[in-house]
Amino acid sequence: MIQNSLQALGHSTLNAFSRTGRATLFLLGVLPSLWAALVRLPLLIKQLYNVGVQTLSIILVAGVFVGMVLALQSYIVLVDFGAEESISLMVSLSILRELGPVFTGLLFAGRAGSALTAEIGLMKSTEQLSGMEMMAVDPMKYVMAPRFMAGLISVPLLTIIFMAIAILGGYYVSTEMLGQDGGVFWSQMHAKVDFYEDVMNGIIKSLVFGFVIVWIAVFEGYDCVPTSEGLGQATTRTVVHSSLAVLGLDFILTAIMFAS
Amino acid sequence: MSFSRGSRKIFDNLNMDIERGKVTAIMGPSGTGKTTLLKLIGGQLKPDTGSILVDGENVHQLGKRALYDLRQRTMGMLFQSGALLTDLSVYDNVAFPLREHTKLTESGIRHLVLLKLNAVGLRGARSLMPNELSGGMARRVALARAIALDPAMIMYDEPFTGQDPISMGVLVKLIRDLNHALDLTSVVVSHDVAETASISDYIYLIAEGRVVEQGTPDALGKSHSGWVDQFMNGLADGPVPFQYPAPPLVDELMQVGP
Amino acid sequence: MSTRTIEILVGLFIAGAVAAMFMLSLKVSNLSSYTSDEGYKVTASFDNIGGLKVRSPVNAGGVKVGQVSNISYDDKRYEAVVTLDIDSKYKFPKDTAASIMTAGLLGEQYVGLDPGGDEEYLANGDHITLTQPALVLEQVIGQFLYSKAQEKDK
């Protein structure tokens, strides 16, 4: 019994290592082809639509609600200290530093990441990737690079939109529902929120998250077992691994950026 | 050449010569790795020992750019499922290799696409999407795409599998006519004996990783080998036994328990 | 979806992100006060800067007039040298005093400018000589305990 479990553990650990190795080799294969994505603009635009524009709706809705909830919860805590005026600060700093990049990352992984994996996995199982190779078209340049690039561009943009709309949601709740003064809201924020420390750090986080999510998503599609079961497993892996990666990297980046 | 997948030896010192301008068939039981053979020829897989030469060039010693160049010049491949790009229309699928590899204007491309589609009889279907096509039609579109750049050789991976008699007849006619009209070298991998034998100039029978028998369709029909006879004529029992290995039936019925 | 529609939507997406970026940088954060490159730099030396950081505010009369752009240590005179970027629309006399203060009881630290009466103004590259170091909490507590102990002895 124990021997079996140990064997299984060893097996999955080795599997994990080999998968990581394959993923890295894959990345090294895609990176040189990324310039191809910028050259074939129509492909890139199509992927920006698939990956960016189509995630926009969920980002907008989530952003508004997160901002509104955050304002409510901050108020409840701050009112006991007589510090309701700091509500805009609590909302904005939480959104800019943490919730913006992390929420966007998780939502993107679920919506666009799984779609990328499914699409590429399907292309693999219907031999479209093979077919391209035989037609002397490099699937790295035609399929992988545009999607990779679209992810890298979209995630920071989506994060910025999330941040803005969440803060606006917080503003709405603070002024309309909680009776705070609009002018105080913006001026408190303006004085204390630092562009480099808060906004740019949040955007840097989103760049890192975007890179990792799109790497995992495209790799899992490329590497999947070309059966319907294999495809299902691959999309699940994309969502789970990307989400965990986002949360783990968030901790590391926060420690690096905000430790002082 | 020899090729193994993991510990399983798929090809063991396989030796074949595919003649230019002729239709060569590669046949054998399911699972002998016939599709793998096409991937080896196309350079997608690498043999463990030995070499594969296409148009005088050793496929696996070429760098990436040279390999892609060789593929563009010499190889067209018809996959079992057609492998059409699902987000492009029939027209755009056939135009794909032309747009990627040539600098033709759109009107020049249009002429070529229409001609290729006409050759396979699907010129009128050019605005359809791949998911609107039947299996047979998808394969014909894929064939039009495969000949778009006028390659020297076309490889057909199980072209007849799962087709109704009419589609089968269409494909058979196309493979034979295109081979003659365009002076192609055709390599047909299949286990549909009757159809394949009817259009082939030469046949290789592969089983257990090596060439079991080779020759013209007539020569194979007259072969003395029991196995070849069983394969070519579709006999249920022979050197490949009907019964999975088991103890004698009488013994098993007389026993108590499983 | 036609290619044209897709292109338009992608364009709107990117435009929306740019607009959001503007909002974040100008309305939400203090970027606009950075981009005024019209400022002048003066230095001030302190025995102890406490918790002062780069980009800490420089205030006069409670109003932000600039920020700290550099902190270094002079190991010949053994003091900390702080560079202050002051907005060019504010002029301070040459004998202005700079002290390191704390906002609130345990808040963040900033440089407070107390203007003097000199007729000449600080210019780019000048050095403020009158400075007061930060109050380090441990020192204050130590002083308090020491004075308490002294009282007991009497």
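Two residues are taken to be in contact when heavy atoms lie within 4.5 Å. In this predicted model, the contact between chain A and chain C draws on 29 residues of chain A and 23 residues of chain C. The area buried between the two chains comes to about 2400 Å², and carbon and sulfur atoms account for 79% of that area. Tyr49(A), His190(A) and Phe195(A) together provide 25% of what chain A buries against chain C, more than any other three residues.

No salt bridges were counted between chain A and chain C. The count of residue pairs in polar contact between these chains, with both residues at pLDDT 80 or more, is likewise zero. On chain A, the elements that give two or more residues to the side touching chain C are α3 (41–78), α6 (139–177), α7 (182–192) and α8 (195–223). Of the elements of chain A, α6(A) gives the most to this side, with nine residues. Sorted by class, the side of chain A that touches chain C holds 23 nonpolar, three polar and three charged residues.

Chain A itself contains nine helices and zero strands, and its pattern along the sequence is α-α-α-α-α-α-α-α-α. Along the principal axes, the C-alpha atoms of chain A occupy a box of roughly 65 × 55 × 35 Å. Of the 260 residues in chain A, 51% are buried. Among contacts in chain A between residues at least 6 apart in sequence, 83% link residues at least 24 apart.

How values were computed. Residues numbered from 1 in each chain as written. Chains lettered and ligands numbered in written order. Predicted model: local features only at pLDDT ≥ 70, side-chain atom pairs only at ≥ 80, totals over all residues. Heavy atoms only, no water. Buried area = accessible area lost by both parts, 1.4 Å probe. Salt bridge = Lys/Arg side-chain N within 4 Å of Asp/Glu carboxyl O. Polar contact = N/O pair within 3.5 Å; in protein donor to acceptor, adjacent residues only side chain to side chain. Helix = DSSP H or I, 4+ residues; strand = E, 2+ residues; numbered from the N terminus. Nonpolar A, V, L, I, M, F, W, Y, C, P; charged D, E, K, R; others polar. Buried < 20%, exposed > 50% of the residue type's maximum accessible area, 1.4 Å probe, protein only.
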